Amino acid sequence: MSGRPFKYLIAFSLFLLCFKACYAEVGCIEREREALLHFKQGFFYDFGMLSSWGNGEDKRDCCKWEGVECNNQTGHVVMLDLYAQYLGGKVSPSLAELQHLKHLNLSWNLFEGSLPTQLGNLSNLQSLDLSKNYFQGSIPDAFGNMTTLAYFDLSDNQIHGSMLDAFGNMNNLAYLDLSYNQLHGLMSDDFQAMTSLAYLDLSNNQLHGSMSYAFGNMTNLAYLYLSRNQLLGSMSDAFRTMSSLAYLDLSYNNLYGTISDAFGTMTNLEYLDLSSNQLEGEIPKVAFNNISCLVDLDISGNQLHGSIPDAFANMVSLEFLDLSENQLEGEMPKSLRDLCNLRRLVLSYNNLMGLLEKDFLACSNYTLEALDLSHNLFKGTSFPNLPGFSQLRELYLGFNQLNGHLPESIGQLPQLEVLDIRSNSVLNGALPSSLKNCRDLRLVDLGKNKLSGRIPAWIGGSLSNLVVLNLRSNEFNGSIPLNLCQLRKIQMLDLSNNDISGMIPKCLKNLTAMARKGNSIISYGEIVYNSSIQLSYVDNTLVQWKGKELEYKNTLWLIKSIDFSSNKLVGEIPIEVTDLLELVSLNLSRNNLIGPIPTTIGQLKLLDFLDLSQNRLQGGIPDSLSQIARLSLLDLSNNTLSGKIPSGTQLQSFSASTYEGNPGLCGSPLLKRCPEDKDESGEASFPGLNGKKYGIQDDANDIWFYGNIVLGFIIGFWGVCGTLLLHRSWRYAYFKLLNKIKDRLCVTTTISMNRLRRSFQS
């Protein structure tokens, strides 16, 4: 009995030894270790990310290297994950020695060159991610041998060539992403054999042809992205059997014909984008009658006509609806009031008409974030029931026929960031005082209406987040309130074409955003429900730019401008205006300004547009004005300026009309010579007999000068840029090269900084 515990102890010890022997970690295979080191030798740089890889005694076990994972029992490398390690170079064929590799991830690096054919020998590979690199050439045929592959991502590279027939052998492939490459040719019918495929992204390539038979048997496909290719033809019945499809993006192609009724059978569809094609006809009622799961529908930028069908009421899950830039007509359908989850409704650039009923979006009062009804034919004094939209951030009602006063209820939109009701022509009255409650406003565009009264002083204090304030072409009067100087984030201030009088405030120097670098981008993104798709929306406004009214969207954040033109302003131009060093456009024309042009005007180095015409400015043109190299449009005409136009290439490059109407001005480019100018004989040159001779000579010189400019532009600009515009593949490669140069500069800078940091530490 006394020996029994000892026997148990012996048995337990033997069990532990056996367990340790069975489950002890096995070091990596030497052949695979050498293959990994050979792979590393192909790197141009690795930022020290793979410092654990080497031949040292403490680095013999490659299973402990960064990004390497081995099988604990066999020691074979089964996973190599080098995601976003800033590695650069070529991928060595030695990776084919890792015959037991199941997962290979080299994405978000700087690899380049062609894809090694030997990778096709990795017969056990299940996932391969080579996305976001600089791989070139075509996809090797040998990749078709990877029959166990389930995940393949080669997106965002420079791969070209036609679609491979080899993909038809990958029967286990469930995820395939070849987007953002230069693939061309017809859509391959071999996709029909890939019945396991659930995700397919071929967007942003150069594929063309019809889709009629490409996806017939892909009954498991849930995500299909074909946008930004050159696909053409009608949709017909290409997707009729794809009942499992949840996301379909066919935008920016050349599809024509009518919208297929086949969408009515896709009961699982959540996202559908048919925008920017050539679809025509009416929106079919049957197509959207049974799609109750649809969250996002975009059919903008087509040629659809007719009315909005009542069947939209059945899409109870709809959050994003964009029918803009079509030819839709009729009144707002009552069916929209049943869309209780609607967050963004865009119906702009159509021919919709009638009165806006107060409750036309009754059910979405607490969800709607953006409403765009601009560029239609809506009329009357009726505004939507604004107080109900508690989440509304953007309201666009511009370019309609609304009249009457702005309602006080507009101040009951606490989340409002963008208010655009420009160009309604008969909208009148004063600005409602309740608007000061909308403290998150960043863009206010009420231009080209008949609003009147004084510009409220509370704008400066209450709407301190404003980036754009456009009140041009109204009937505002009184002086410019000093409180506007509190708008430290303002980048575009337009009060032109009103009846404003008084002096220009000296406190404009407090407009910080125009004096310091940095921009306020007026945009925000939306993530589509249960998806990686992001919808971004950038606000826009009309800018009076170089005599034309232009609409700025993506580049609005670049504009920093002040426009007080066509008013009744008096006094001198305050020198403080020249402290706004980031100013790009300044227009003070058509007022009653007097005094000299500020001598420090040359401080505005970024100025591209300057119009001081049709005032009563006196004195000479400051020499510093010739130092503004970016100035492309200048108008000083119809003042009482005098003296010699400062010499310099910049001011002499403008036409004589820039300075006309100033009898006291002389010098090039005007024909009038200044008294101090001497001819070769030393005599003063005055207009008279010699004036014609000089005028003829100047004209000849001008002809040669501008002729050479035009010739140089044609040869230099169009010889390069024209080629890039006509050849899409060259253009793509060019911008990829720029990105590559940028990345290498970043790499070089980082390496240098690390070396300096180490030297300081040592």
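Which tyrosines do ring pairs link into a cluster? Select Tyr151, Tyr175, Tyr199, Tyr223, Tyr225, Tyr247 and Tyr271, which ring pairs join into one cluster. Rings of Phe, Tyr and Trp (for Trp, the six-membered ring) pair if their centres lie within 6.5 Å; planes under 30 degrees apart count as stacked, over 60 as edge-to-face and the rest as tilted.

The model on screen is predicted: local features need pLDDT of at least 70 and side-chain atom pairs count only at pLDDT 80 or more, while totals for chains, interfaces and linings use all residues. Residues are numbered from 1 along each chain as its sequence is written, and side-chain values use heavy atoms, with hydrogens and water left out.

**Aromatic pairs**

Next, select Arg228 together with Tyr252. The charged end of Arg228 sits over the ring of Tyr252, 3.9 Å from its centre. This description applies if NZ of Lys or CZ of Arg is within 6 Å of the ring centre and within 35 degrees of the ring normal.

The structure has 15 aromatic pairs by the ring rule. One of them is Phe39 with Trp53: the ring centres are 6.5 Å apart and the planes stand at 50°, so the pair is tilted. Phe39 belongs to helix H2 (residues 30-41), whereas Trp53 is in the loop between strand E1 (43-45) and strand E2 (68-70), so the pair ties together parts that are 14 residues apart in sequence. Helices (H or I, at least four residues) and strands (E, at least two) are DSSP runs, numbered from the N terminus. Both Phe39 and Trp53 are buried; buried means under 20% relative accessible area, exposed over 50%, and partly exposed in between (1.4 Å probe, protein chains only).

The relative accessible area of Trp53 is 2%, and Trp65 is buried at 4%.

**Disulfides**

How many disulfides does a search of the whole structure find? The search finds 5, a disulfide being a pair of cysteine sulfur atoms within 2.5 Å. With the bonded cysteines of the protein chain numbered in sequence order, the pairing reads 1-2, 3-4, 5-6, 7-8, 9-10.

Select Cys63 and Cys70, whose disulfide has an S to S distance of 2.2 Å. The link of Cys63 and Cys70 is left-handed, with -100° about the S-S bond. Cys63 is buried at a relative accessible area of 18%, and Cys70 is buried at 12%.

Move on to Cys485 and Cys507, joined with an S to S distance of 2.0 Å. The link of Cys485 and Cys507 is right-handed, with 65° about the S-S bond. Cys485 lies in the loop between strand E36 (475-479) and strand E37 (492-494), and Cys507 in the loop between strand E38 (499-503) and helix H4 (512-515), so the pair ties together parts that are 22 residues apart in sequence. Cys485 is buried at 4% relative accessibility, as is Cys507 at 19%.

Then select Cys666 and Cys674, a disulfide with its sulfur atoms 1.9 Å apart. The torsion about the S-S bond of Cys666 and Cys674 is about 105°, so this disulfide is right-handed. Cys666 and Cys674 are both buried.

To finish, select Cys293 and Cys438 in turn. Is Cys438 buried or exposed? Cys438 is buried, with a relative accessible area of 0%, whereas Cys293 is partly exposed at 33% relative accessibility.
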